[in-house]
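Dear colleague,

Please find below the structure that I am handing over to you. My findings follow directly after it.

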Amino acid sequence: MKLFLQGLYHSFPVQLVMLHFKKFQVLLIFWFVLFSTVNGSFMKTFGADSLYLAPEYLGNVSMLSTLFVGMAIGVFIMSWNITTFILFSRHFRFLATTSNPFLKYCINNVGIPLVFLIFYFIKAVAFDCNKELMSYGEIALLVLGFLSGLILIVVFSLFYFFRADKNIIRRLTPVISNPQLFKAQFKKDETRLNQSRLIRVEWYLNAMFKVKKVRDVSHYSREFIETIFSRHHFAAVVSIFIAFIGLILLGFWLDNPLFQLPAAAGITLFFAILIAVSGAFSYFLQSWSIPFLIVLFIITNVLYRYEIIDPSNKAYGLNYKNRDQRPLYNSETLLSLCAPEKIENDKKNMISILENWKKKQTEAKPLMFLITTSGGGNRSATFTMNVLQHLDSMTHGELMNKTVLITGASGGMLGASYFRELSRARAAGMPINVQDKKYMNDISNDLLNPLFTSFVARDLAAPAQRFKVGEYEYIKDRGYAFEQKLNANTRGMLNKQLKDWYNDEKNARIPLMLFNSVVTRDGRKMIVSTQPMSFLMRPAYDSSHIMDAADPDAVDYQALFAKQDPLNLRMLTALRMNATFPYVLPNVWLPSDPVIDVMDAGIRDNYGQETALRFIQVFQQWIRENTSGVVLLHIRDRKTGGWEHPYESSNITEIATKPMLLLEYNWYKMQEYSQNDLMGLAQSMMGNYFYNICFQYIPEKNDARAALNFHLTKSEKKDIAGALGSSSNQQAFSMFQNLIKNTHSLTVR
């Protein structure tokens, strides 16, 4: 038994696993991320596991989609094998004397990949059965697709190295067949060979997975062994280069949906690139790798600072050309944009819009609806569409006619924008049934596949490709890929510019839509609209009583960028600016001086209530005089009260990190607490002229909540649709129905 354990300990597979944990542990981070993602531990609330366990391709979870993920996992495994072979082979010189040394290395290095694959299949079968509601026959096809892709890449890679082995042996045959030269090389390096630190290995697995004793290599010269390894290393680096060229080509064809890989494949290829780059650096630069990276970082930073290179994402449609006309972003500029006379002019413009809206109504004093919708990726977009469709049916298609304003954050605005455009097309005479469930399916479709494929193929690999919006030119990146996919999901109906909505909003033929994003420089809100919005730039106040008014906490996009053709902005870009989830989508940089960039609206106002309540405050007098009251229809993707997902410390590391992460975990809850105060003030201010109706997505099971993601599983879509039937939402629909019939018979809630 003792001899068996000693033999096991000194086996090549065991020594390789130990070496991975002993040296270059950074490479194991990628495996840790894959394991934790598949397990549902890493980014659980964002549904990262579904990207791997139920990948989509061309809108379907199919054998073809898992084939691509299998191929990506295969590329990752081979990249990891190639990189570690380059780094570790010097510790195992016996490999140089075997046929097909890289194949032998891969077979003996199969431990970690094999454990991952077994773990992956266990999780995938359970997930597809429970979340994707698939039969075992369908799941078997998915597994077959994955294995086919994995085997295809592995076989192709090994075939490449088989050919490389033959070339290496052919070139070294003269050296092996010349005994005098062979002995001379051996004597020259015998001392150094004996002094080198090799890892003791007694046996290994050969190509037939049979145990084989390690050969004595003491009679081989160091030059001979290192020559063999260096040629294999060069072949490995060439394979990485070929794969990189493949990514570049993929970047040129990415506009075709056929080349938009599943998101999991894109993420895994990114990991494979990182591993391969680290191996190439170690191979070519060796001990100079870190100094080279430091110098490269310094040079890149200098080039970026002086705008020689510019990786920043732009707002498509906006003019970035005339640098001398860029507006100053400072206190004086913002104060001038919301000067009292400017506010009065903009309020008059808005009142004219409200008067146009009132003329459409059949009642002398109609109810005025404002819709706010929360962020939350596709789950919020889908829930918002469901709610609006149901409300539209209750009003017999009159919901948009009764609504003055729509605002909110992120995913919710995707759903609301699509619904508004469908209603606009219906009003124009197009044969559209706005309540058709196919539109809910449209907005719930995946948005991540082209995004991650573009990140890997375009942002990291391919040369810059350009496109135009009007006369202005921009670079295609993952922001562009996101917009194109959103455009495809919404049947091309949102592929317009702000100016295309100007007249309809001005004449109140459709509700106003306010897109909000957050300026990272100072946290101010950037309000994007077709109409001037200076009256929303700071809290309303009585100038006769308050001498020193509050500084602007919001920016009127149209006023600030008046010289940059602001209404030329694409609607798809306005939506993306409103939904720029950190890291997933790039920040949008705007042409100001200094340059500012904006992020997701949810950072400042995830529920949209802050903007809506300020609007009500500004126009409260007109509302009292001309309406029966204002109804705030609040659509949110999470339960009210702040009880969901409490921040608990379950281990000692979380106790240490809790003070740092407290704000992040409770950010949306603190927004809710603050906005509840605003809601109370609005109630006090408006009295019986204010109604608040809240629709909220509450999952049927707390542990089966739809992920905050741009990707939904079948069970998540089903759960979101079923949420309309919850008791709280049924009560809200009932209140809405009664309010329409008789507003004064309801007690304000």
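How many helices and strands are there in the protein chain? The chain, which is a predicted model, holds 29 helices and 14 strands. Of its 749 residues, 54% count as buried. Among the contacts with a separation of 6 or more, 80% are accounted for by residues 24 or more positions apart.

**Annotated segments**

The unreviewed UniProt entry places the feature "transmembrane region" at residues 64-88, 109-127, 139-162, 234-253, 259-281 and 288-306. In the model, residues 64-88 are 100% helix and 0% strand, with the end C-alpha atoms 36 Å apart. For residues 288-306 the figures are 89% helix and 0% strand, and the end C-alpha atoms are separated by 27 Å.

**Nonpolar cores**

The largest nonpolar core comprises 180 residues, of which Tyr 120, Leu 370, Met 526, Leu 590, Phe 615, Leu 633 and Phe 695 touch the most other members. Helix H5 (residues 63-88) contributes the largest share of this core, namely eleven residues. At least three residues of the core come from each of domain 1 (1-306) and domain 2 (325-640 + 687-741). A second, separate core has 14 residues, including Leu 247, Ala 265, Val 456 and Ala 461.

With residues up to four places away in sequence left out, Leu 370 touches Val 404, Leu 405, Ala 612, Phe 615, Ile 616, Val 630, Val 631, Leu 632 and Leu 633.

**Aromatic residues**

The structure holds 30 aromatic pairs. One of them joins Tyr 316 and Phe 467: the ring centres are 4.9 Å apart and the planes stand at 85°, so this pair is edge-to-face. Because Tyr 316 lies in the loop between strand S3 (313-314) and helix H13 (331-337), while Phe 467 belongs to strand S6 (residues 466-469), the pair ties together parts that are 151 residues apart in sequence. Tyr 316 counts as buried because its relative accessibility is 0%. Phe 467 is buried as well, with a relative accessible area of 10%.

One aromatic cluster is formed by Trp 31, Phe 35, Phe 76, Trp 80, Phe 116, Phe 119, Tyr 120, Phe 121 and Phe 146. Tyr 120 is also one of the residues that touch the most other members of the largest nonpolar core. Elsewhere, Lys 314 lies over the face of Tyr 320, at 5.7 Å from the ring centre.

**Individual helices and residues**

Which residues of helix H28 (residues 714-722) are buried? They are Ser 715, Glu 716, Lys 717, Asp 719 and Ile 720. These buried residues pack against helix H7 (111-130), helix H15 (377-394) and helix H18 (437-444).

Helix H15 also contains Thr 384. Thr 384 counts as buried, since its relative accessibility is 0%. Residues up to four places away in sequence aside, Thr 384 touches Thr 373, Gly 412, Gly 415, Ala 416 and Ile 635.

Is Asn 345 buried, partly exposed or exposed? With a relative accessibility of 48%, Asn 345 counts as partly exposed, because that value falls between the 20% and 50% cut-offs. Asn 345 is placed in helix H14 (residues 340-360). The C-alpha atom of Asn 345 is separated by 9.2 Å from that of Ser 534, although the two residues are 189 apart along the chain.

With kind regards

Note on methods: Residues are numbered from 1 along each chain as its sequence is written. This is a predicted model: local features need pLDDT of at least 70, side-chain atom pairs count only at pLDDT 80 or more; totals for chains, interfaces and linings use all residues. Side-chain values use heavy atoms; hydrogens and water are left out. Buried means under 20% relative accessible area, exposed over 50%, partly exposed in between (1.4 Å probe, protein chains only). Helices (H or I, at least four residues) and strands (E, at least two) are DSSP runs, numbered from the N terminus. Contact means heavy atoms within 4.5 Å. Rings of Phe, Tyr and Trp (its six-membered ring) pair if their centres lie within 6.5 Å; planes under 30 degrees apart count as stacked, over 60 as edge-to-face and the rest as tilted. A charge sits over a ring if NZ of Lys or CZ of Arg is within 6 Å of the ring centre and within 35 degrees of the ring normal. A nonpolar core is a set of buried Ala, Val, Leu, Ile, Met, Phe, Trp, Tyr and Cys residues joined through side-chain atoms within 4.5 Å. Domain bounds come from an automatic or database domain assignment. UniProt positions are given in the numbering used here, feature names are shortened, and annotations may be inferred rather than shown by experiment.
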